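These notebook entries record what I looked up in one structure, in the order in which I took up each topic.

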Amino acid sequence: MNTSSETQILAELDARTDVRLLDSEPLSAHTTLRLGGTPRAYLRAETTAAVAECVRALDAAEVPVLVLGGGSNLVVADGSVGDSVDDGELDFVVVAVRCEAIDISPGGLVRAEAGATWDDLVARTVEAGMGGLECLSGIPGSVGATPVQNVGAYGVEVAQVLRRVRVLDRVSGKDEWLEPSELGLEYRTSKLKGNDSGLVLEVEFTLHPDGLSEPIAYRELAARLGAEQGERVPAAKAREVVLELRAGKGMVLDAGDHDTWSAGSFFTNPVVPAAEFDAVRAKVAKALGDEAAEKMPAFDVMGGGSGEAGVKLSAGWLIERAGFRKGYPGEAAPMRLSTKHTLALTNRGHARTKDLIALAREVRSGVEDAFGVTLHPEPVWVGCTLSGES
């Protein structure tokens with residue numbers, strides 16, 4: 001597409017009352033990792049209709065688009081060595097989603113626009129006496145990203161409370177509500193992740209109107225609550241404790257704390273086929289001893305979308321036992337593992353995307369060399385990649 005045509009389309013969109021064409025600036029100002037180069041243009045869409053119209057118009061003109069919510073799960077190229085961007089210029093137009101309406105019905109039905117801040121939604125449902133989202137407190141990002149990632153924490157996943165999702169099919173142009181069964185929801189993924197064909201516009205949840213939490217599944221959380229695993233507790237109390245736990249691990253955004261300049265848990269907990277688990281445990285025993293192998297966190301699951309039995313391992317445990325301690329590789333490094341836990345890669349204030357890629361590759365290779373387990377990153381990659389990832 002030629003520049004004059006793109007300029008005309010952007011001007012037409014800017015003429016809408018619910019769209020603003022802003023001065024473009026680096027995406028490092030809009031991602032929790034504080035990484036990212038400068039896009040060709042930056043549109044802010046303030047209604048669901050505006051989001052859909054911006055994307056439709058740009059798609060029709062074959063202008064590359066990045067739809068941006070909270071920026072909490074993105075690794076964006078910035079022109080540094082090791083990515084595919086020259087001089088930090090990103091070849092797409094950003095559509096920033098700023099539609100934030102939330103509707104909470106007394107019976108437990110909750111509807112939120114994609115641009116609503118996730119933790120605002122959680123807080124409002126708990127204040128309204130609804131249970132179900134409390135264990136997902138403190139997670140950064142927007143509501144629209146949660147079904148894409150099947151966000152989860154402390155033993156609860158979005159899939160457990162998801163009612164349906166309104167999706168714009170960017171190929172067919174259809175705007176329709178989809179049931180959870182149509183989304184391919186699995187551990188930290190869905191059919192919406194890793195492609196641009198579907199754009200989330202709204203999300204509905206079915207929550208508990210009795211004010212009690214989802215059954216407490218996570219041992220650490222249960223202990224802090226003084227509850228038994230499987231017990232339901234007041235959602236407000238569960239939210240309070242979850243926020244305390246996350247803050248203690250640098251997982252609640254704080255501009256003054258570089259441990260929170262991250263994409264959260266960077267690697268997903270790996271699931272290995274059940275038939276391969278003994279070989280992994282043998283490698284752990286050889287490296288760390290029989291006692292460590294016996295105590296290694298491992299949980300039986302149905303893994304990888306294959307329908308076959310698998311064993312879920314702890315990425316954080318493997319990273320630390322492979323020799324990568326909190327704060328690795330040291331105070332002088334621009335990108336380090338969090339000083340509070342080993343599963344977050346953190347920007348210490350002056351990192352570039354190349355620094356994150358280098359550290360992620362080092363950690364992934366170290367775990368694979370030590371235990372034969374391949375870690376996979378959770379974030380979405382924009383303009384760059386971790387080699388070997390599709």
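Predicted model: local features only at pLDDT ≥ 70, side-chain atom pairs only at ≥ 80, totals over all residues.

The entries below cover strand pairing, helix packing and backbone geometry.

**Entry 1. Strand pairing.** I began with strand 2, residues 38–45, and looked up its partners. Strand 1, residues 19–22, runs antiparallel to strand 2, and I found 4 bridges between the two. Within that pairing, I traced Val-19 to its bridge partner Ala-45 in strand 2. I then turned to strand 5, residues 89–97, which runs parallel to strand 2 and is joined to it by 7 bridges. Here I recorded Tyr-42, whose bridge partner in strand 5 is Val-94.

**Entry 2. Helix 1 against helix 2.** At what angle do helix 1 and helix 2 pack? I read an angle of about 165° for helix 1 (residues 3–14) and helix 2 (residues 48–60), with the axes 11 Å apart. Because angles over 145 degrees count as roughly antiparallel, helix 1 is assigned as roughly antiparallel to helix 2. The crossing of helix 1 past helix 2 is right-handed. From helix 1, the contact draws on Ile-9, Leu-10 and Leu-13, and from helix 2 on Glu-53, Cys-54, Ala-57 and Leu-58.

Entry 3. How many residues of helix 3 are buried? I counted 7 of the 10 residues in helix 3 (residues 118–127) as buried, and the helix is mostly covered. The buried residues are Trp-118, Asp-119, Leu-121, Val-122, Ala-123, Thr-125 and Val-126. I next looked up what they pack against: strand 6 (102–104), strand 7 (109–113), helix 4 (145–149), strand 12 (198–206) and helix 6 (235–248). Beyond helix 3 comes Gly-129, with a positive phi near 80°.

**Entry 4. Helix 3 against helix 6.** I examined one of these neighbours further. Helix 3 and helix 6 pack at an angle of about 145°, and their axes are 9 Å apart. The crossing of helix 3 past helix 6 is left-handed. Asp-119, Val-122, Ala-123 and Val-126 of helix 3 make the contact with Ala-235, Ala-236 and Arg-239 of helix 6. By class, I recorded 5 nonpolar, no polar and 2 charged residues in this contact.

**Entry 5. Backbone geometry.** Arg-34, in the loop between strand 1 and strand 2, has a positive phi near 55°. Is Arg-34 buried or partly exposed? I list Arg-34 as partly exposed because its relative accessibility is 27%. Asn-150 also has a positive phi, near 45°, and lies in the loop between helix 4 and strand 8 (152–153). With a relative accessible area of 0%, Asn-150 is buried. Finally, I checked the peptide bond from Tyr-328 to Pro-329, which is cis with omega near 5°. I placed Pro-329 in the loop between helix 9 (315–321) and strand 16 (335–337).

Note on methods
Residues numbered from 1 in each chain as written. Heavy atoms only, no water. Pairing = 2+ DSSP bridges. Axes fitted to C-alpha atoms, helices over the stretch in contact; angles between N-to-C directions. Parallel < 35°, antiparallel > 145°, perpendicular 65-115°, else oblique. Left-handed = near helix turned anticlockwise from the far one by under 90°. Contact = heavy atoms within 4.5 Å. Buried < 20%, exposed > 50% of the residue type's maximum accessible area, 1.4 Å probe, protein only. Nonpolar A, V, L, I, M, F, W, Y, C, P; charged D, E, K, R; others polar.
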